[in-house]
Amino acid sequence: MQKLSINSIEKHFCHDQGLMQVLGPLNLEILPGEFVCILGESGCGKSTLWRILAGLEAPSAGKLLLDEQAISGTDYRRGVVFQNPALLPWLTVEENVALGFKIRGKKVPKQAVRDTIKLVGIDGFENVKPKKLSGGMAQRAAIARALVSNPDVLLMDEPFAALDAVTRLRMQEALLDIWQRQSITVVFITHDIDEAMALASRVVIMTPRPGRIAATIDIPLSHPRMRADDEFLHLRGLVADELVKSFKKSPDRELICS
Amino acid sequence: MKPTAILFYAAGCFGSLLLWWFFSQSTDSSLHRFNPFDTWSALVSFISMPKFWQGLAESLQRLAVGIGIAAAIGIPVGIVIGYSSIVFELTYIPFQFVRMISPLSWTPVAIILLGIGSGPVYFLVSIAALWPIVMNTAAGVRAADRQWIEVAQCLGAGHLQTIWFVLIRSTLPHILVGLQLALGVAWIVLVPAEMLGVASGLGYMILDARDVNDYASVMALILVIGFLGICLDLPLKMLLRKISF
């Protein structure tokens, strides 16, 4: 496992009135085995940050380092999970999970694919088409698709936001179970304080416009977490306060040239 | 299908026949020559006529070759146009321009380039079939879900793998619609194309029948052409239903 460093990353977008800075400069180090939740309001640039981490967008300035090596572009060793499962509808669950090997021209490791499908808890549905799956099950398949290549880091962009509240809790439990069993590194984007509190070993709070880091709070609580414990409630309060404070820190749309 | 629907379909066919019969009863003798009863006996006599079956086979073979050429060129071209916005912009105006030209206007060009025989017919049929295939394939590629492409990229796909593993399959329904439309125009173009410079096929047979004042055969051949058009469309429609997702 390797350390992922975000080094003075910035992102500008062209806008009617000129160039708008949506992100950064932003610095963050993600250590092996961490579960980092990036928490911020909608439109704070956290999804842009995620797209840069995934390699789907290039930063306007700054660098991404994996174990001190600069990286760019997409790479299967950074596994991604989108907000939507984005399974290919003409393939079965098993074929979707195995897709990466086919794309890379590798022999599909049948056993690893089956094991990963079992790990995410959808064994028995290998030969089912995505249309027949519920939202939660489809997202489990998407997680399996990312996990099966043994990525250095799993990048998740609000993966449970589209699910109902109860399914979301189940999915959080399932993800924690996978994280503990596989000892992987996770970067998880969310706008939900409770979700961040349930999952994170560290919560990173972002200010909007431009997206910058407002605060970083370690959550040194073991799992399963007791949501009514004093320490949990105390930390949750700290996170919520920092989030509120972050709104005040943020200037309005910042135009850097016109 | 609902039983009432079948009833209405049948009534539509019967009504059309009735209308045909009504007009052929006119006092104008030239219209009377196209009446349904003579047409029917001509149609029955075709069954035992090897020349008819040969002509039919020739026409279908020309159609298949023409559409085959159009698909072999049109599908790859459509994929590239849909995938690359530069190629899309480069080709947009020339393609729209050429698309609007009636395929039959190429006849002199086709005959000069390919001589007399099946060559110009293949050319005219393929040029008619090409545009619906290109346009629908390109539209299909452009309509592909962006996230499918991003998923493939994140799993390590380059351009070729993205096209192969995502775009071709996701575009397949659009390609089939393109083929269906292509089949329609190709079948329409085939008959007049066979009236120019070939000595076989359904189009030629219509002219041949007219030359000997055999109007019943002319009508019978027209019926055969319409009927075959429906028959050719049906399997594609069924295939489309099967591969949609």
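Helices (H or I, at least four residues) and strands (E, at least two) are runs assigned by DSSP and numbered from the N terminus. The structure described here is a predicted model, in which local features need pLDDT of at least 70 and side-chain atom pairs count only at pLDDT 80 or more, while totals for chains, interfaces and linings use all residues. Residues are numbered from 1 along each chain as its sequence is written, chains are lettered from A in the order in which they are written, and side-chain values use heavy atoms, with hydrogens and water left out.

We begin with the sheet in chain A. Strands of a sheet pair through backbone hydrogen bonds, either parallel or antiparallel, and two strands are said to pair here if DSSP finds at least two bridges between them. In chain A, six strands form an open sheet with mixed pairing, in the order E6-E7-E8-E3-E9-E10. Its edges are strand E6 (78-81) and strand E10 (212-218), each of which pairs on one side only. Within the sheet, strand E7 (residues 153-157) and strand E8 (residues 185-190) of chain A run parallel and are joined by five bridges, and Asp157(A) stands opposite Ile189(A) in E8(A).

On a 1 Å grid over the protein atoms alone, a cavity is a set of points where a 1.4 Å probe fits but cannot get out, whereas a pocket is an open set with protein on both sides within 12 Å along at least five of seven lines; lining residues have an atom within 4 Å of a point. Grid points are joined across faces, edges and corners, and a volume is the space filled by probe spheres set on the points.

The largest pocket has a volume of about 580 Å³, and of the 20 residues that line this pocket, the closest to its centre are Trp40(B), Leu43(B), Leu223(B), Val224(B) and Phe227(B). H3(B) gives the most to this lining, with eight residues.

There are two cavities of 30 Å³ or more. The largest cavity, with a volume of about 80 Å³, is lined by residues of both chains, including Tyr76(A), Arg145(A), Val151(B) and Leu155(B).
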